[in-house]
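Please look over the sequence and the structure below before reading on. The paragraphs that follow lead from the contact between the chains to the elements inside them.

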Amino acid sequence: MNTINEKDNLLNNKIEYNSKDKNFYFEPGVIIAKADELFSWARKSSLWQLTFGLACCAIEMMSTSASNYDFDRFGVIPRPSPRQADVMIVSGTVTLKMASRIKILYEQMSEPKYVISMGSCATCGGPYWQHGYHVLKGVDRIIPVDVYVPGCPPRPEALLDGLITLQKKIEKEYLLKEKNDNKRNI
Amino acid sequence: MTIKEIFDLLKNRFENIKIYIEKFEVGEEYIVVSPDVLKQILQEIRNNPRLHFDYLMCISSVDDANGEIKKDENGNKIIKGGTLSLYYHLYSTTRNHKIAIKTSVDRENPAVPTAIDLWKSADWHEREAFDMMGIKFEGHPNLKRILMPYDWNAGFPLRKDFITPEYYNDLKIPY
């Protein structure tokens, strides 16, 4: 009996759902939301990750993808083509030889695109900071980075935390509004 | 066979070639040969049925840094003269014995004959030794850098007087 009553309530009453600074109104069969908020909510919930790994951080990244930590909970699935990827996780040491390749991969990704710098090596050179004649001291010297995840290598929990931080950043983006504002300015 | 027996066999086979056994403070004994007879010795230990070293495990290159230490005009350390050394680690899968052979080459013009016709695995080991130390392997079919970028022109990084350059293709290298 209880369940039927709850269902009736759902159908008859408008339900207000508050998530921090956002308001979604649920009516039967209709969801009303701001277009920008809806889009950023959709984008943050299906971040497709460019499949590549550079060093031991990649092992942790793979373990994050696997069933124990399950990246897929957050909508992250590996995507082999940069054209279809939304986020690039730079997992490992960026050597000078690799740097130009990473830059090309980043340029091939379509907008909007995000970068997570995973581990000490990708962030600042890590253990190679002094005598690393072959290491680029931070991937942010060639491409812009959104989130830095410290650790050597970071545990899967740390990477998940970095991903959630990125999702929070995407939540606050208003791409349509920015586009319209730019048009007006022109 | 022990290294002593292998050494005696080589000594009997090549009577007028100077080889000797050396031992460092730690580690195993190894046979020292000069680079101009290196190829003969390697051929012998590869093809002699009593030795039959069919597996080249590793070629290590070492900068002995035993030359004259100078300073250039910028105050950087440079080493003149002295030697670079190569260590060949070999194993016989049929006879189940192993050996290390050392040869020292002149630092200013380091060149040894390639071992690629004896062991295929020498290919990448020799390319690595060339990449890191600048030792030229005469007769190698594809002697180019293996780890560093192909257009790297700042020298050989594992030499003791190597100086990390400031830039590589507009990428700043120092921290």
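**From the interface to the strands**

Contact between the two chains, meaning heavy atoms within 4.5 Å, involves 13 residues of chain A and 16 residues of chain B. In chain A, Leu96(A), Lys97(A) and Tyr133(A) lose the most area to chain B, together 58% of what that side buries. The area buried between chain A and chain B is about 1,200 Å², with carbon and sulfur atoms giving 69% of it; buried area is the accessible area (1.4 Å probe) that two parts lose on being put together, summed over both. Across this interface the rule finds zero salt bridges, a salt bridge being a side-chain nitrogen of Lys or Arg within 4 Å of a carboxyl oxygen of Asp or Glu.

This is a predicted model, in which local features need pLDDT of at least 70 and side-chain atom pairs count only at pLDDT 80 or more, whereas totals for chains, interfaces and linings use all residues. Residues are numbered from 1 along each chain as its sequence is written, chains are lettered from A and ligands numbered from 1 in the order in which they are written, and side-chain values use heavy atoms, with hydrogens and water left out.

Chain A contains seven helices and eight strands, where helices (H or I, at least four residues) and strands (E, at least two) are DSSP runs numbered from the N terminus. Of the 186 residues in chain A, 36% are buried, that is, under 20% relative accessible area, with exposed meaning over 50% and partly exposed in between (1.4 Å probe, protein chains only). In helix α2 (residues 35–45) of chain A, the buried residues are Asp36(A), Glu37(A), Ser40(A) and Lys44(A). They lie on the same side of α2(A), because they cover an arc of only 95° around the axis, the arc being that of the directions from the helix axis to the C-beta atoms.

Gln49(A) belongs to strand β4 (residues 48–50) of chain A and is buried, with a relative accessible area of 2%. Beyond its neighbours within four places in sequence, Gln49(A) is in contact with residues including Met61(A), Phe71(A), Pro78(A) and Ile89(A).

In chain B, strand β7 (residues 97–106) is mostly covered, as seven of its 10 residues are buried. Strand β6 (residues 83–92) of chain B runs antiparallel to β7(B) and is joined to it by 10 bridges, while strand β2 (residues 29–33) of chain B pairs with β7(B) in the parallel sense over three bridges; pairing requires that DSSP find at least two bridges between two strands. Ile31(B) stands opposite Ile101(B) in β7(B), and Leu90(B) has Ile99(B) as its bridge partner.
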